[in-house]
Amino acid sequence: MHSLKRLFVAMSVAVPLLGLSSAFHVAPVHAAESSIYSYMATAQPVWAKHGMVSSQEALATRAGVEILKLGGNAVDAAVAVGFALAVTLPRAGNIGGGGFMLVHLAEPNKTIAIDYREMAPSKAHRDLFINEHGDAVAKLSREHGLAVGVPGTVMGMELALKKYGTMTLKQVMAAAIKMADEGITVTQDLSTSLIGVKRRITQWPSSAEIFYKTDGSNYQVGENFKQTELAHSLSLIAKLGSKGFYQGETAQKLVKAVQGAGGIMTLEDLKKYNVVERKPVTGDYRGYKIVSMPPPSSGGVHIIEMLNILETFPIDKLGHNTAATLHLMAESMRRAYADRSEYLGDPDFYKVPVQALTSKDYASKLAGQIKINKATPSSEIKPGKLAPYESNQTTHYSVVDKWGNAVSNTYTLNFSYGSGLVAKGTGILLNNEMDDFSAKPGTPNGYGLVGGEANSVEGNKRPLSSMSPTIVMKDGKPFIITGSPGGSRIITTTMQIIMNVIDHDLNIAEATTAPRMHHQWLPDVLRVEQSLNRDTIDLLEAKGHKVNVSRAMGSTQSIMVTDQGVFGSSDPRRTGALTLGY
């Protein structure tokens with residue numbers, strides 16, 4: 001039975017009549033007795049009648065829902081959430097980073113991909129992170145002024161609001177400014193993350209004075225955490241728009257901080273930053289339309305490539321998370337990631353063969369290489385040049401409104417708290433997104449990954465990313481809005497949400513909580529979460545997979561839109577998230 005029927009109809013519920021032998025009989029339930037929750041389900045989603053926000057931080061979610069209640073649309077709420085996360089989830093939410101936003105407009109039934117990814121400063125060049133011995137120096141691309149790409153978040157949010165929203169920056173930013181100025185209560189999640197990155201942050205005095213007490217001690221759970229300088233920077237944006245960030249006092253302070261840390265960003269780089277609206281990459285999977293982010297995201301292309309391969313197999317018959325299904329998924333992943341390494345980069349600098357990679361014919365050829373009962377060693381698959389490491393500390397959120405508009409947004413500072421550098425006087429954390437370029441094409445970086453020519457460092461270029469905000473369409477309308485952080489695992493995590501619903505009939509909460517796996521071609525390892533059962537792992541190893549039980553993958557924030565209402569689920573893998581509707 002289709003997942004929606006299973007979700008809304010209490011199929012197998014018959015309240016037993018006490019004392020009767022029919023207590024174990026499952027009585028049929030008629031449509032008139034439909035329920036929004038199924039007693040067959042092992043996890044229940046959040047339900048709402050009108051609209052919904054799903055994000056990784058509760059206060060930011062509430063800020064977005066309040067905008068929806070005031071009559072704002074999905075874009076208004078999404079921009080409110082984006083600015084709020086810069087205050088409440090500083091390790092990933094940001095105005096000093098960048099990302100990707102998919103906007104679906106119910107009228108005129110159109111989806112737009114907004115690329116506000118960071119750009120390399122104009123003076124950046126191929127050997128920016130190479131020392132005199134010809135080796136890549138990791139610290140230069142991670143904890144240095146050279147690590148900072150020109151931020152795109154502020155202009156991305158402004159463009160989305162101006163073109164597709166209905167409210168003003170002042171209205172949608174009010175909550176973020178208030179929280180920064182008056183302070184937020186320190187959660188366990190915030191406290192733990194700040195303790196974990198203390199070494200990296202405290203190497204910058206301007207950052208230490210923001211995120212730790214004057215005596216150097218940590219903020220404790222339950223204490224008030226104010227960010228008055230950030231409140232001022234946000235107020236300038238609310239008043240002046242993006243000019244309040246890319247020009248004037250904020251811009252001058254950003255450049256001073258970056259150059260003071262050895263970087264090459266200039267006022268002209270900030271002034272010339274531009275957002276690009278791109279055509280989403282689309283595909284078809286078992287009758288559903290997949291809409292995702294095009295390059296410089298590698299996510300959309302390879303989600304579609306993998307789904308195209310898997311569509312040739314009877315995944316629903318093989319079963320959810322069985323060894324047979326996971327084997328086929330792993331084989332599709334290793335082939336897609338091999339392609340990712342060789343063919344993906346900034347489309348403004350490199351011709352990316354999107355149509356070829358997402359064609360059904362190509363997928364059919366790849367599917368033909370897969371052996372049902374034997375893993376293909378990655379060494380036997382055409383080698384390319386792997387894209388660079390990308391941090392887990394990205395964040396995704398999804399929004400839908402009562403008119404049928406939807407937003408899927410993923411943005412990041414790259415590493416947790418980015419470079420760790422706060423531009424003095426601004427409260428703004430700066431990204432270390434330059435590390436997403438291939439520092440030295442053809443050689444491994446510190447994580448054992450090899451970068452390709454398509455993603456080499458170049459002035460004004462955008463680094464390759466795995467961020468994959470995605471919308472699945474059913475009958476021409478948004479059905480699933482999803483995405484995740486997780487570095488290279490973003491792509492496979494997002495794909496598994498889609499497969500869990502379409503192939504395996506799970507509701508959005510079950511699809512979210514289900515165990516995950518990941519293969520990225522090199523290293524030749526199949527990563528699985530610890531909740532995957534041991535028998536399945538044994539069967540995978542018998543097929544030749546090298547299985548490694550690894551840390552939890554992703555933090556999906558997903559919404560499903562149905563005739564019975566809006567259903568959503570925040571990933572239980574991270575604390576502090578909230579899905580809420582009205």
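Asp524 sits in the loop between strand 16 (517–518) and strand 17 (526–528); helices (H or I, at least four residues) and strands (E, at least two) are DSSP runs, numbered from the N terminus. This is a predicted model, in which local features need pLDDT of at least 70, side-chain atom pairs count only at pLDDT 80 or more, and totals for chains, interfaces and linings use all residues. Residues are numbered from 1 along each chain as its sequence is written, and side-chain values use heavy atoms, with hydrogens and water left out.

**Asp524**

- Asp524 has a relative accessible area of 18%, so Asp524 is buried. Buried means under 20% relative accessible area, exposed over 50%, and partly exposed in between (1.4 Å probe, protein chains only).
- Asp524 and Ser378 are 146 residues apart in sequence, yet 5.8 Å apart in space, C-alpha to C-alpha.
- A polar atom of the Asp524 side chain lies 2.9 Å from the backbone nitrogen of Ser378.
- The side chains of Asp524 and His519 make a polar contact at 3.1 Å. A polar contact is a pair of N or O atoms within 3.5 Å; within protein, one must be able to donate a hydrogen and the other to accept it, and residues adjacent in sequence count only if both atoms are side-chain atoms.
- Leaving aside neighbours within four places in sequence, Asp524 is in contact (heavy atoms within 4.5 Å) with Arg334, Pro377, Ser378, His519 and Lys546.

**Annotated sites**

- The UniProt annotation "active site", from an unreviewed entry, covers Thr394. UniProt positions are given in the numbering used here, feature names are shortened, and annotations may be inferred rather than shown by experiment.
- Thr394 is found in strand 10 (residues 394–400). Thr394 counts as buried because its relative accessibility is 0%.
- The Thr394 side chain makes a polar contact with the Thr412 side chain (3.0 Å).
- Beyond four places in sequence, the contacts of Thr394 include Gln56, Ala92, Tyr411, Met467 and Pro485.
- The UniProt annotation "binding site", also from an unreviewed entry, covers Arg117, Thr412, Leu413, Asn414, Asp436, Ser465, Ser466 and Gly487. Of these residues, Leu413 is included in the lining of the largest cavity.
- Arg117 lies in the loop between strand 4 (110–116) and helix 4 (138–142). Arg117 is at 0% relative accessibility, so Arg117 counts as buried.
- With neighbours within four places in sequence left aside, Arg117 touches residues including Thr412, Asp436 and Ser465. Glu433 and Arg462 are also among its contacts.
- Ser465 is in the loop between strand 13 (428–429) and strand 14 (470–474). Ser465 counts as buried, at 0% relative accessibility.

**Pocket and cavities**

- The largest pocket holds about 550 Å³ of space. On a 1 Å grid over the protein atoms alone, a cavity is a set of points where a 1.4 Å probe fits but cannot get out, and a pocket is an open set with protein on both sides within 12 Å along at least five of seven lines; lining residues have an atom within 4 Å of a point.
- Of the 26 residues that line the largest pocket, Lys477, Pro478, Val561, Thr562 and Asp563 are the closest to its centre.
- Strand 15 gives the largest share of that lining, three residues.
- The lining of the largest pocket divides into ten nonpolar, nine polar and seven charged residues. Ala, Val, Leu, Ile, Met, Phe, Trp, Tyr, Cys and Pro count as nonpolar, Asp, Glu, Lys and Arg as charged, and the others, Gly among them, as polar.
- The structure holds four cavities of 30 Å³ or more. Grid points are joined across faces, edges and corners, and a volume is the space filled by probe spheres set on the points.
- The largest cavity has about 80 Å³ of space. Of its 13 lining residues, Ala86, Gly93, Gly427, Ile428 and Leu429 are the closest to its centre.
- The lining of the largest cavity has eight nonpolar, five polar and no charged residues.

- Ser398 is found in strand 10. Ser398 is buried, with a relative accessible area of 0%.
- A polar atom of the Ser398 side chain lies 2.8 Å from the backbone oxygen of Gln557.
- Val81 is found in helix 3 (residues 74–88). Val81 counts as buried, at 0% relative accessibility.
- Val81 and Val53 are 28 residues apart in sequence and 8.7 Å apart in space, C-alpha to C-alpha.
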